[in-house]
Amino acid sequence: MNIQEIKESTAKILGKNIIYYKEIDSTQNKAKNLINTKIENGTIILADSQYKGRGTKENIWYTGKGKNIAMTLIIFPKCNIEDLLGLTKLISECIVTTIRELYSYELTIKYPNDVFLNGKKIAGILTETSTNKNQVNHILIGIGMNINEDNFNVDTVNIATSLKREYNKEFSREEIIKRFLEIFENNIKSII
């Protein structure tokens, strides 16, 4: 993973600080452990592989080594909880826009947090928010996306896919992350 390439996005806050791991249990768990340190707003925990990735309802999200996107964004927003209504839906829409802009492929959304390609799941979002009364302390946004995965087990082969599996070519994870950060930041700049 070329971290420097991701940092060269035009986003001003998101992804300017990236903590990268070759392998980790879960980017979401690592973000939770770091939240009370002096970590920068917009920091990304990024891993080439995670072996205990979490989806919603405590489902496991598998991330093959060096093939997919496994990341968690840490955001310290300046807003109340009401301002975050529809945030997960917005993240899904930003993923769809990213892939459409870069490759002209159409993804669909099973609202609020699952993204599909050709009827199979390609991405999932896990959003966790900490509040104090109405004020938001922080948001952890976990994103798992199958990019170059070509190994699907018997449990997932009929329900999951990747860009590579559908289009039989390699895709740049860095390019996708960069463009997503730019699109997403543009949509939430009023609260970050």
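**Exercise 1. Is Asn-168 buried or exposed, and where does Asn-168 lie?**

Step 1. The relative accessible area of Asn-168 is 70%. Buried means under 20%, exposed over 50%, and partly exposed in between (1.4 Å probe, protein chains only). Asn-168 is therefore exposed.

Step 2. Asn-168 sits in the loop between helix 4 (163–167) and helix 5. Helices are DSSP runs of H or I with at least four residues, strands are runs of E with at least two, and both are numbered from the N terminus.

A note on the model: it is predicted, so local features need pLDDT of at least 70 and side-chain atom pairs count only at pLDDT 80 or more, while totals for chains, interfaces and linings use all residues. Residues are numbered from 1 along each chain as its sequence is written, and side-chain values use heavy atoms, with hydrogens and water left out.

**Exercise 2. What is the phi of Asn-168, and what is the phi of Asn-118?**

Step 1. Start with the rule. Most residues other than glycine have a negative phi, and most peptide bonds are trans.

Step 2. Look at Asn-168. Its phi is near 55°, a positive value in a residue other than glycine.

Step 3. Turn to Asn-118. It is not a glycine, yet its phi is positive, about 50°. Asn-118 lies in the loop between strand 6 and strand 7. It counts as exposed because its relative accessibility is 54%.

**Exercise 3. Which residue does a cis peptide bond join to Pro-112?**

Step 1. Find Pro-112 in the loop between strand 5 (108–110) and strand 6.

Step 2. Read the bond. It joins Tyr-111 and Pro-112, and omega is about 5°.

**Exercise 4. Describe how helix 3 and helix 5 pack.**

Step 1. Know what to look for. Two packed helices are described by the angle between their axes and the distance between the axes.

Step 2. Take the values. The axes of helix 3 (residues 87–103) and helix 5 (residues 173–188) come within 9 Å and cross at roughly 130°. Axes are lines fitted to C-alpha atoms, for helices over the stretch in contact, and angles run from 0 to 180 degrees between N-to-C directions.

Step 3. Classify the angle. Under 35 degrees is roughly parallel, over 145 roughly antiparallel, 65 to 115 roughly perpendicular, and the rest oblique. Helix 3 and helix 5 are therefore oblique to each other.

Step 4. Helix 3 passes helix 5 in a right-handed crossing. A crossing is right-handed if the near helix is turned clockwise from the far one by less than a right angle, and left-handed if anticlockwise.

Step 5. Name some residues. From helix 3, Leu-90, Cys-94 and Leu-102 are among those that meet helix 5, where the partners include Glu-175, Arg-179 and Phe-184. The residues of this contact divide into 13 nonpolar, three polar and three charged. Here Ala, Val, Leu, Ile, Met, Phe, Trp, Tyr, Cys and Pro count as nonpolar, Asp, Glu, Lys and Arg as charged, and the others, Gly among them, as polar.

**Exercise 5. Which residues does Leu-102 touch, beyond its neighbours within four places in sequence?**

Step 1. List the partners: Glu-175, Ile-176 and Arg-179. Contact means heavy atoms within 4.5 Å.

Step 2. Check one distance. Leu-102 and Arg-179 are 77 residues apart along the chain, and their C-alpha atoms are separated by 8.1 Å.

**Exercise 6. How many residues has the largest nonpolar core, and which have the most contacts inside it?**

Step 1. A nonpolar core is a set of buried Ala, Val, Leu, Ile, Met, Phe, Trp, Tyr and Cys residues joined through side-chain atoms within 4.5 Å.

Step 2. The largest one has 45 residues, and Ile-141, Leu-163, Phe-180 and Phe-184 have the most contacts inside it.

Step 3. Elements that each supply at least two residues of this core include helix 1 (3–7), strand 7 (120–132) and strand 8 (135–145). Helix 3 gives the most, with eight residues.

Step 4. Another core lies apart from it, with nine residues, among them Ala-31 and Ile-74.

**Exercise 7. Where is Lys-16 found, and how far is its C-alpha atom from that of Gly-42?**

Step 1. Lys-16 is in the loop between helix 1 and strand 1 (18–24). At 29% relative accessibility, it counts as partly exposed.

Step 2. The C-alpha atoms of Lys-16 and Gly-42 are separated by 7.0 Å, though the two residues are 26 apart along the chain. Lys-16 also touches Gly-42.
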